[in-house]
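Hi everyone, thanks for coming. I'd like to walk you through one structure today, so please have a look at it with me.

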Amino acid sequence: MKTEKKANITTIPFLGDIILSGSRTLIGIALGLLTSGILIALSNANPLVAYGAMIKGAFGDIYAFCNVLVRVSPLLLGGMGVAIGNKAGIWNTGIEGYMYLGAIGSGLVAIQDWGLPSALHILLAVIAGMAFAAAWGLIPGYLRAHRGVNEVTCTIMLNYVAIYLTNWLVSDAGFFAESGAFFPMSKIFQDSAQLPILLRGTSLHPGVFVGIIVCLIFFFLLKYTPFGFRTRMLGGNPNAARYSGVDIKKQIILVMVLGAMLGGLGGAIEVIGLRHRVYSDFVTGVGYECIAVALLAGGNPVGVIFAGFFFAILKVGGATMSIETGVSSSMTSIIMALCVLFVIGVGLTDNHRVKKKSNKADAVAVVKQKEE
Amino acid sequence: MEEPKFALQMTDITKRFPGVLANDRISLDCKKGEVLGLLGENGAGKTTLMNVLYGMHQPDSGKILINEKEVEITSPSKAIELGIGMVHQHFKLVETLTVLENIVLGIPSNKVFLDLEPIRKRLLELCQEYELYVDPDAEVWKLPVGQQQWVEILKALYRNAQVLVLDEPTAVLTPSESDQLCRAIRRLTSEGRSIIFISHKLREVVEITDRVTIIRDGKLVGTIPTSEATQAKLAHMMVGRPVSIDRRPRQALQQKKPVLVMKDVNALDERGIQALKNFNLTVHAGEIVGVAGVDGNGQKELAECISGLKKPVSGTISVNDTLITDVVADPKFIGFIPEDRQKTGLVMDFSVAENLIIKEYDKEPYAEKRLLNLQNIKKHAQDMIKKYGIKTPTDTVKVSTLSGGNQQKVIIARELDSEPILDIACHPTRGLDMGAVSGVHDVLMKERERGAAVLFVSAELQEILALSDRIIVLFRGEIMGEVDGDTADAFTIGQLMLGQALEEKT
């Protein structure tokens, strides 16, 4: 077979990959916004005005932007939880459930009046939340690793269990629920267990910074440690991982539990930072948005930061857009979904092309023979 | 009007994929009742050419004539309509359906209910006629691979194929099944049907075909009558330089020091069926033991047990008197070239450098203080690339972009560079072109000279005969017989592969 060498962007070492994957994502998002624009126009609003309102809603003033920062916190932590699973070839779709468990765990500690110093009380609450979520994540982790149960089915089913467990705890459990409340909720958290507000007049808590730091830590872990190597190897080719001596069962459980802990941390921060109580469905859908965040990020921890912010901006700005232009509030979800779809679509077609363009004719031949 | 002489003519077929010229003005023709060999290394463009013929790809230029009339083949169903039948190297059967259902599949019908009886009758007739016997009601996955191939051929014949393309048909067959196939081919051609026989096994091509078309690097090298061809000549045309994979000269073993000792090993396969039965084997230092046998007779389990990937049900396996049962392979102990490069041996999305350390990523000098030392990993990769002549632009490119031969070099570098006591090589040349095959043979011979014990599993008799000091033949998880490498012949081994013990013959 003959080759025709052509310089392309992938031949630039290191940077080439980043430019390529980054630009793919941006093109996908642009296409998603374009298509959503058509839908907005169809619902009798000017897309430019609508997007303008969205930007104003997210960046218009410091309060709006703080709102974005508050919204982004669970998306970063949960998104990272999904992303680490992606890297290991596991679909950890249980973030919603882990968030509830994290909230329950931290709530159980946070409502106690132990007279502890605030830092310690917060720390204990966070640890309790992560521990609850970790135990929850152990269930699908074990079933997947040792029994070969599909983790997607398992985690999604467990999400419902977690939601109803929370419902029961905040409405009927005497030790946890607020008695005589107009709406199912837990007792109020002690002041000492509440995260500090960073900016007066907003609800900005440090969650977003925790999220960013966690993402950066995982970026480092995945790239520079044997643990990360093992995880990526498991995702890249589980057979090869097994053959290289990796205990893949242990690794699968570890990755699922880590994802669960991140989700639990997200849930814990959400209640001790923002809500100060556990409500019956306080994170409706955020766990699933985290899956979309990880998808948009392609499993890359730094990508999770950008994707998380993108979604938070859409959510906060979307509310304003809906108020100012009368577009239905579900338009925000549609925009998110379209962006994710286009990013995935562009990514896939591009991969195809780049593979064929690669200057190794033999490799192409091998790929082709495999396809047959 | 006189009967057309050519069943098929392809003229100046050019097919271009982005950045790759897969077929460059290739022409071939096939007369009625002729067996045309299509010979070429992997990646030479054989498969692309046949996919053009079968309507899976459209040629960028060139003409296809069937019965000397120009046709345009826009889809496989058009190809079938025109009387072209194709048996792919990897079968296209629905494994959970029965043979009969697979035959019917894809035949248009206006009936509401399927009436299988006439089809069954016709199928049984075809079986009789071509001596390709299969049970119409057997589910395909339960059939041995050889019979699955019969199903593919019968499927094409049921559709009345006049030009039948067989893509590497003998790769999965036992010697006697190959003979059976030959008889069927003779039968078909005597009826005026034409066969295009794709292979890179020279011996078969010389035996079966009437003419041979050779392509290399997407270009036509030439077409010669088989009567004028020798294996050496064909190999030369195919590779572009003289090559041989003859038996390697060697010095006799001086002393026998047992390295691998297996005692009464029993093991199950993935489905829980016994794959090794009371298996006893000793491999000595400085010796290549060839493991012959039809695929699926316990070779895979044998290799997995020794490398620690599979736990035997009972029995002991030791290397240099150290038990390795339950222990996953240590690279200093065992070098393991797995059966499937891409499925087991490599992480295709990892770089060359990363793939070179997937067994030692957590050991010094690649990991220090719980961190990966990227510099040492890079340096190691560059050393290995130089030492083993791995053709790659840099150590950071994904291993998936390398050719099969170079991917195998990555595995060889990783597995053998630490000079293990025991080498296990499972089908190390599968899918490689002849140049790369002879490179792998060189490596294994060098390992032998270094004093490593080498267990060499292969389905290709020719290379087993070329390399082994001793040959054991596996049949249903047992050693059917053992023959000396110097005096072995293909016929004896073929008999053993079919489960006929040596005593029965004498």
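Let me start with a cut-off: a residue counts as buried when its relative accessible area is under 20%. Please also keep in mind that this is a predicted model.

With that cut-off in hand, is B:Thr492 buried or exposed? Its relative accessible area is 13%, so B:Thr492 is buried. You'll find B:Thr492 in helix 16 of chain B, which covers residues 490-497. The side chain of B:Thr492 also has a partner: a polar contact of 2.4 Å links it to the side chain of B:Asp489.

Now over to chain A for an overview. Chain A has 372 residues, and 52% of them are buried. Its secondary structure amounts to 14 helices and one strand. If we take the contacts in chain A with a separation of 6 or more, 75% of them are between residues 24 or more positions apart.

Let's zoom in on one helix pair. Two packed helices are described by the angle between their axes and the distance between the axes. Take helix 5, residues 118-147, and helix 6, residues 151-171, both of chain A: their axes come within 10 Å and cross at roughly 155°. Angles over 145 degrees count as roughly antiparallel, and therefore helix 5 and helix 6 of chain A are roughly antiparallel to each other. Their crossing is right-handed. And which residues meet there? From helix 5 of chain A, we have A:Trp136, A:Ile139, A:Pro140, A:Leu143 and A:Arg144. On the helix 6 side, the residues include A:Cys154, A:Leu158 and A:Val161.

Next, the aromatics. How many aromatic pairs does the structure hold over all chains? There are eight, and I've picked two of them to show you. In one pair, A:Tyr100 and A:Phe282 sit edge-to-face, at 5.2 Å centre to centre with 80° between the planes. A:Tyr100 belongs to helix 4 of chain A (residues 95-110), while A:Phe282 is in the loop between helix 10 and helix 11 of that chain, so the pair ties together parts that are 182 residues apart in sequence. Both A:Tyr100 and A:Phe282 are buried.

The other pair is A:Phe229 with B:Phe350, again edge-to-face: 5.4 Å centre to centre, and 70° between the planes. Because A:Phe229 is in helix 8 of chain A (residues 226-236) and B:Phe350 is in the loop between helix 10 and helix 11 of chain B, this pair joins two chains. A:Phe229 is buried at 1% relative accessibility, and B:Phe350 is buried too, with 5%. Ring pairs also bring in B:Tyr361, giving a cluster with A:Phe229 and B:Phe350.

Finally, some backbone features in chain B. Most residues other than glycine have a negative phi, and most peptide bonds are trans. Where do we find a cis peptide bond? One joins B:Glu364 and B:Pro365, with omega about 0°, and B:Pro365 is in the loop between helix 11 and strand 17 of chain B.

As for phi, B:Asn67 has a positive value of about 50°. B:Asn67 is in the loop between strand 4 and strand 5 of chain B, and is partly exposed at 30% relative accessibility. B:Glu131 has a positive phi as well, near 55°. B:Glu131 lies in the loop between helix 4 and helix 5 of chain B, and with a relative accessible area of 34% B:Glu131 is partly exposed.

Terms used: Residues numbered from 1 in each chain as written. Chains lettered and ligands numbered in written order. Heavy atoms only, no water. Helix = DSSP H or I, 4+ residues; strand = E, 2+ residues; numbered from the N terminus. Buried < 20%, exposed > 50% of the residue type's maximum accessible area, 1.4 Å probe, protein only. Polar contact = N/O pair within 3.5 Å; in protein donor to acceptor, adjacent residues only side chain to side chain. Phe/Tyr/Trp six-rings, centres within 6.5 Å; stacked < 30°, edge-to-face > 60°. Axes fitted to C-alpha atoms, helices over the stretch in contact; angles between N-to-C directions. Parallel < 35°, antiparallel > 145°, perpendicular 65-115°, else oblique. Left-handed = near helix turned anticlockwise from the far one by under 90°. Contact = heavy atoms within 4.5 Å.
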